[in-house]
Amino acid sequence: MEGTVITNIAFLNLCHCDANVVARVAKKLTAKENFYMFIHVDQKSDQSEFETKLESCERVFFTKKRYDVSWGSFSAIRATLELMKEAVSSNVSFDRYVLLQNLDYPLKSNTQIEAFFTEYSDKEFIRACKIGQSKDRHFQGKYKLYHDYDRFETCIKFEQ
């Protein structure tokens, strides 16, 4: 069964480094007239470098509000919500919202990306894992490093 034709896609990019790669991704994706890019640059990073590299891109937008984001922390959720708010408050109606993180780079052409989302227009693609119970040492280490710190920081911020 063929899906509904996708008209507009918002790519939401959480980034913190390598403005060259972020700009390359944004320029590639927004070369398609119905693809838009919304970017949240971590508060710890200099946003001006990203803006300079993307100033000629009319369908690239930066969040007005920025957060100091740590891996796996609640601040990443806040930054993601800020990206979503920015996209929803634009004057464009989006059929899809695609979350990217910093150096994610599309391996397919824009036409193939659009065809994929058209074919699966009635499906959502979300992945989650319980990193606290993961057997992967990478996740275990990050979980131990950030989880308690983030819980402490989140409580302090909400109490203020």
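This is a predicted model: local features need pLDDT of at least 70, side-chain atom pairs count only at pLDDT 80 or more; totals for chains, interfaces and linings use all residues.
Residues are numbered from 1 along each chain as its sequence is written, and side-chain values use heavy atoms, with hydrogens and water left out.

The protein chain contains five helices and four strands, these being DSSP runs numbered from the N terminus (helices: H or I, at least four residues; strands: E, at least two). Along the sequence they follow the pattern β-α-β-α-β-α-β-α-α. Of the 160 residues, 39% count as buried, where buried means under 20% relative accessible area, exposed over 50%, and partly exposed in between (1.4 Å probe, protein chains only).

Seven salt bridges were counted, each defined as a side-chain nitrogen of Lys or Arg within 4 Å of a carboxyl oxygen of Asp or Glu. Lys32 and Glu114 meet in one of these, at 3.1 Å from N to O; Lys32 lies in the loop between helix H1 (19-29) and strand S2 (35-41), whereas Glu114 belongs to helix H4 (residues 110-119), so that the pair, 82 residues apart, links distant parts of the chain. Both Lys32 and Glu114 are buried.

In the salt bridge between Lys85 and Glu82, the closest N and O atoms are 3.8 Å apart. Because Lys85 and Glu82 are three residues apart in helix H3 (residues 74-88), about one helical turn separates them. Lys85 is exposed, at 52% relative accessibility, whereas Glu82, at 8%, is buried.
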